[in-house]
Amino acid sequence: MNPFFTPLVVECVALAVAVVTSIVEYLSSKQLKDAVVYGFLVGGMTFCVCALLQIRYFDLGRIETAVGFSNTLRESGESFKTMQSLNQAAEKVKLSDNEVMQRNFETFLTPLRLTLDEYGQGNFTVPSSEMADYAPLLIKTAKAEVFATSAVTPDKWWGTPMGRAYALANYDAVKAHNLKITRVFLVKDDQELKTLLPLIQAHLSHGISACYLYKRTLDQDADRDLVSVDDKIAGELVLRGNEGFQEARFYFNETKARAFKQYIMRLQRDGGCRQP
């Protein structure tokens, strides 16, 4: 809220101008009636001008924001329904006048607000249980190029139905619209490499630029599972040791996406990345 254009300030300014004008006019003309009328006219004009400024710089901005927000919600039917439900729930909680219900509602709202704040920053998180849907979709919606590392243990991703579906989505995207995919596999040891070799060879046979590096050759970031899509979207798996991964975090951030891409290109170019 702009404190200079609130109704109370507008009224106070107009009143002050009217009083000061009346006093000045009375001191110069010694006519009380003329001074009051003149002060009233000047104060009224001041009030009108301040009111117009309030509408232009305060109320109109709020109206435009509200209309824009409403239109954005309407473009997404589910978002609009969610906001309607949230408003109805808030009204019921308010009318209940029940502290237990109010506290429970606030407890529910806190993680929701944090999630919405994350979306507001262009970020979102996908739990491992939902990656079966989101991972292939990420590849299918890519326009030009994908750069990625793969540090997760094979049996926790590539050997699962989710991982196999993701691999097929990669192959289909290359074939369907010539998507350029570069993937660097970060392997722990020879045994893990042996497990991954058929997958790396399948990548190569489907036109994907794939190679591998031993994690022990990397000074840092040996377990970073990264992806960069079209220089616009950056993603990173949150790994948890031998248990696979917990979640994937995505960022609609061009700077981060380019940084991930450049890092992966350096691994491929300067890190001694090898093909079978």
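## Buried aromatic residues

Phe185 has a relative accessible area of 0%, so this residue is buried. The value, like the others in this report, refers to a predicted model. Trp158 is likewise assigned to the buried class, since its relative accessibility is 8% and the class takes in values under 20%.

Trp158 and Phe185 form an aromatic pair, with 5.9 Å from centre to centre and 50 degrees between the planes, and the geometry is tilted. Trp158 is located in the loop between strand E2 (145–150) and helix H6 (161–177), whereas Phe185 belongs to strand E3 (residues 180–187); the pair thus links distant parts of the chain, 27 residues apart. Both residues also belong to one aromatic cluster, which is formed by Trp157, Trp158, Tyr166 and Phe185.

## Aromatic pairs and ring-facing charges

The number of aromatic pairs is 8. One of them joins Phe124 and Phe250 in a stacked arrangement, with the centres 5.1 Å apart and an angle of 20 degrees between the planes. Because Phe124 lies in strand E1 (residues 123–127) and Phe250 in strand E7 (residues 245–252), this pair ties together parts that are 126 residues apart in sequence. Phe124 and Phe250 are both buried.

Charged side chains are also placed over aromatic rings. Arg216 lies over the face of Tyr214, 4.2 Å from the ring centre. Lys256 takes up such a position over the face of Tyr251, where the corresponding distance to the ring centre is 4.8 Å.

The model contains 1 cavity of 30 Å³ or more. The volume of the largest cavity is about 220 Å³. Its lining comprises 20 residues, and those nearest the centre are Met131, Tyr166, Asp225, Val227 and Leu237.

By residue class, the lining of the largest cavity consists of 14 nonpolar, 3 polar and 3 charged residues. Several elements of secondary structure contribute to this lining: helix H5 (131–140), E2, strand E5 (225–229), strand E6 (233–239) and E7 each supply at least two residues.

## Overall architecture

The secondary structure of the protein comprises 8 helices and 7 strands. Of its 276 residues, 35% are buried. Among contacts between residues at least 6 apart in sequence, 69% join residues at least 24 apart.

## Positive phi angles in loops

Asp97 is not a glycine, yet its phi is positive, at about 55 degrees. Asp97 is situated in the loop between helix H3 (77–96) and helix H4 (99–120). With a relative accessibility of 66%, Asp97 counts as exposed, because that class begins over 50%.

Asp231 also has a positive phi, near 60 degrees, and is a residue other than glycine. Asp231 occurs in the loop between E5 and E6, and both of these strands supply at least two residues of the lining of the largest cavity.

Definitions and conventions:
Residues are numbered from 1 along each chain as its sequence is written. This is a predicted model: local features need pLDDT of at least 70, side-chain atom pairs count only at pLDDT 80 or more; totals for chains, interfaces and linings use all residues. Side-chain values use heavy atoms; hydrogens and water are left out. Rings of Phe, Tyr and Trp (its six-membered ring) pair if their centres lie within 6.5 Å; planes under 30 degrees apart count as stacked, over 60 as edge-to-face and the rest as tilted. Helices (H or I, at least four residues) and strands (E, at least two) are DSSP runs, numbered from the N terminus. Buried means under 20% relative accessible area, exposed over 50%, partly exposed in between (1.4 Å probe, protein chains only). A charge sits over a ring if NZ of Lys or CZ of Arg is within 6 Å of the ring centre and within 35 degrees of the ring normal. On a 1 Å grid over the protein atoms alone, a cavity is a set of points where a 1.4 Å probe fits but cannot get out, and a pocket is an open set with protein on both sides within 12 Å along at least five of seven lines; lining residues have an atom within 4 Å of a point. Grid points are joined across faces, edges and corners, and a volume is the space filled by probe spheres set on the points. Ala, Val, Leu, Ile, Met, Phe, Trp, Tyr, Cys and Pro count as nonpolar, Asp, Glu, Lys and Arg as charged, and the others, Gly among them, as polar. Contact means heavy atoms within 4.5 Å.
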